[in-house]
Amino acid sequence: MTRLLILTGSIRTRSYSCSLARFAAQQIAERDATPLLWDHRKRPLPFADPEYHKRPAANPDPAVRELVQLADVTNAFVLASPVYHNSYSGLLKNALDHLTMEQFRGKPVVLLGHGPRLTAIQAVDHLRTVVRGLYGLALPDQAVTTPEDYGTDEEGEPYLKEEGQRARVTGVVSVLLKAAGHRTGDCG
């Protein structure tokens with residue numbers, strides 16, 4: 001079973017980057033893989049404690065231990081962040097700081113960003129550096145969205161409506177699944 005851990009960088013109500021992550025999770029599930037979407041609202045993480053930097057599974061916080069356990073069993077990662085001050089969010093950085101090279105080593109990672117196009121690309125590039133530092137394999141395929149790419153449903157939740165962006169995210173998910181060794185007939 002191929003598992004993909006999806007970490008976002010937002011707790012905002014009606015978050016575009018969380019909507020982007022949910023769309024990626026749908027694409028993963030449609031290809032017979034298991035998306036593990038971490039919800040920071042339901043499972044908030046404390047500030048990363050350097051005491052546990054080299055042994056995060058020993059952290060006394062149950063949410064941190066759960067995150068580490070999921071990261072240990074995942075085959076690949078999806079990181080999705082809004083742009084905060086021309087980079088990725090501190091919330092996502094904190095989540096990554098709870099993990100080590102052991103969770104990321106050799107695993108493919110796809111990067112998703114949301115915000116003004118050029119700064120979203122810059123935020124994704126910053127994440128690429130962090131993934132390299134964790135010994136993960138940041139794939140060259142990425143997707144960034146802007147507010148114009150979204151519509152809102154009857155509850156006011158944003159959803160990715162722009163067909164070109166939907167195709168782009170579907171494509172990067174397919175590349176990620178292939179890099180993770182997942183095999184299905186439609187995962188080309």
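**Exercise 1. List the buried residues of helix 6.**

Solution. Start with the terms. Helices (H or I, at least four residues) and strands (E, at least two) are DSSP runs, numbered from the N terminus. Buried means under 20% relative accessible area, exposed over 50%, partly exposed in between (1.4 Å probe, protein chains only). Now read off the list: Gln-165, Val-169, Thr-170, Val-172, Val-173, Ser-174, Leu-176 and Leu-177 are buried in helix 6.

A note on the source: this is a predicted model, where local features need pLDDT of at least 70 and side-chain atom pairs count only at pLDDT 80 or more, while totals for chains, interfaces and linings use all residues. Residues are numbered from 1 along each chain as its sequence is written, and side-chain values use heavy atoms, with hydrogens and water left out.

**Exercise 2. Describe what lies at the ends of helix 6.**

Solution. First, the N-terminal end: Glu-162 caps it, with a side-chain oxygen 3.1 Å from the backbone nitrogen of Gly-164. Next, what follows the helix: Gly-181, with a positive phi near 85°.

**Exercise 3. Give the strand order of the open sheet and find its edges.**

Solution. Two strands pair if DSSP finds at least two bridges between them. The sheet has 5 strands in the order 2-1-3-4-5, with parallel pairing. Strand 2 (34-37) and strand 5 (137-145) are at the edges; each has a single partner strand, so one side of each lacks a neighbour in the sheet. Now look inside the sheet. Strand 1 and strand 3 pair in the parallel sense over 5 bridges. Leu-7 stands opposite Leu-79 in strand 3.

**Exercise 4. Find which residues touch the most other members of the largest nonpolar core.**

Solution. A nonpolar core is a set of buried Ala, Val, Leu, Ile, Met, Phe, Trp, Tyr and Cys residues joined through side-chain atoms within 4.5 Å. The largest one has 30 residues, and Leu-5, Leu-7, Leu-79 and Leu-96 touch the most other members. Take Leu-96. Contact means heavy atoms within 4.5 Å. Leaving aside residues up to four places away in sequence, Leu-96 touches Leu-7, Leu-79, Phe-104, Leu-127, Val-130 and Leu-134.

**Exercise 5. Is Thr-146 buried or exposed?**

Solution. Locate Thr-146: it sits in the loop between strand 5 and strand 6 (150-152). Its relative accessibility is 9%, so Thr-146 counts as buried. Then check its neighbours. Not counting residues up to four places away in sequence, Thr-146 touches His-114, Gly-115, Pro-116 and Arg-117.

Technical notes. A polar contact is a pair of N or O atoms within 3.5 Å; within protein, one must be able to donate a hydrogen and the other to accept it, and residues adjacent in sequence count only if both atoms are side-chain atoms.
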